[in-house]
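Hi,

Here's the structure I promised to send over.

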Amino acid sequence: MSFSISEKEDTIIALATPQGIGAIAVIRLSGKDAIRLTNEVFTGKNLEDQASHTIHFGTIRDGERVIDEVLVSLFIAPKSFTKENVVEISTHGSSYIINQVIKLLIRKGARPAKPGEFTQRAFLNGQFDLAQAEAVADLIHSDSETSHQAALHQMRGGFSGEIKELRNQLIHFASMIELELDFVEEDVEFASRDDLQQLVEKLLRVVEQLIGSFDLGNVIKNGVPTVIAGKPNAGKSTLLNALLNEEKAIVSDIAGTTRDFIEDEINIGGVIFRFIDTAGLRETTDTIEAMGVSRTQEKMKTASLILYIFDLSDTDMVEINRDINKLENLGVPFVKVANKIDKASNEFVEELNKKHPDTIFISAGQKEHLDDLRDKVLELVNLDKFRTGNTVVTNIRHYDSLVKTRESLLDVLEGIDNEITNDFLAMDIRRSLHFLGEITGEITTDDLLANIFSKFCIGK
């Protein structure tokens, strides 16, 4: 999705609120003619004579026909989201009214906006950088406290500020080395190689920290894929229902009731967990159930967290130890969940607690000690880094650019050690600057912008 010069000059229009019937809807226009076009169909005050950031009551008319009574909000350039003239028309939330108003303004000269075009114009007009623009979409789609905080921090420039600081420090040395190339015959040194090495090592530490934060950032943005696994009738479906506080999964005394997997999302402590209730793990001759068991094993390999649940009244220490050993070899973090504590013997509970003190004892059926389980899964997510205000990378594009930046900086260090010529050293530094610039949009291509903004909704 790239725009021609003429398209960038167009006045665009789109519904800014969700589709469907509601009390009100907001139709947004942006472009140099936004106020003039609206004024042509608006009966009330002359909008072209009004101040910015004002709201006006009147009617939208198609000739003599009244379409709706509306409130019109004016934002005059450059004091708007896009830094262009922006009009927001609040209508009643009828789909008929919305379509009539949009069609009328298109006939007057507006063009339907493309996905993300309002935010792209804001970026192109210098309202914010590319990382901040991407955070707008993340903020709209945030569905938990942590994803909201991460998106807001990025939108307000927290992440961009760190990247720009890294880039500015490197630009200074790059310019000094480039200057040396102009005085190669004089054999002068404007940029100390020792100082450059110290700077690059410092930048690498920051880049490594940002790269390392992506695992947490991905959890914050996309949720934690959490598999509930165990033998048939261990209480997996009962646990899912208890956590959801609704009967989502079928619960039965018949082993093997869950033959496929059931997914649902639960917000725990501001983090979204995508719980997956799976088929029970056991040897079976039933073809359908065997397929379910196979899918369970595949889900466990790709999970970020496993809740290994077992029935205290129908298992022994040998079986538990064997299963725990298998889970440890899998390499996925897991929580040992001992279910049906209300039916267990005190001796077995004491023995299990002694050998596996990190076990969480619950009764899914009675909904007992579920808070202990919630606390444990939150502990494994490790939100301490996020809650102390450290910048967390949540975007795969930023992660990829940071990895490439690290590779380029390592090449710079290798070049310093090998005493390579300035032209090659400058080339490696320019590569580092290029990849850092890709994050904030100081280095862009039409294809990159098209890929980013095409993922936005129309009207944003």
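Below is what turned up, starting with the aromatic rings and ending with a helix.

Bear in mind that this is a predicted model. With a cut-off of 6.5 Å between ring centres, the count of aromatic pairs comes to four. One of them is F214 with Y399, a stacked pair with 4.6 Å from centre to centre and 25° between the planes. That pair links distant parts of the chain: F214 belongs to helix α9 (residues 214-222) and Y399 to helix α16 (residues 396-417), 185 residues apart. Y399, at 27%, is partly exposed.

F273 and F275 make another aromatic pair, also stacked, with 6.0 Å between centres and 25° between planes. Both F273 and F275 are buried.

There's a charge over a ring to look at too: R28 lies over the face of F118, 5.4 Å from the ring centre.

Now the helix. Which residues of α6 (residues 145-155) are buried? They are T146, S147, A150, A151 and Q154. These residues cover an arc of only 130° around the axis, so they sit on the same side of α6. After α6 comes G157, and its phi is positive, near 95°.

Cheers

How values were computed. Residues numbered from 1 in each chain as written. Predicted model: local features only at pLDDT ≥ 70, side-chain atom pairs only at ≥ 80, totals over all residues. Heavy atoms only, no water. Phe/Tyr/Trp six-rings, centres within 6.5 Å; stacked < 30°, edge-to-face > 60°. Helix = DSSP H or I, 4+ residues; strand = E, 2+ residues; numbered from the N terminus. Buried < 20%, exposed > 50% of the residue type's maximum accessible area, 1.4 Å probe, protein only. Lys NZ or Arg CZ within 6 Å of the ring centre and 35° of its normal. Arc of directions from axis to C-beta.
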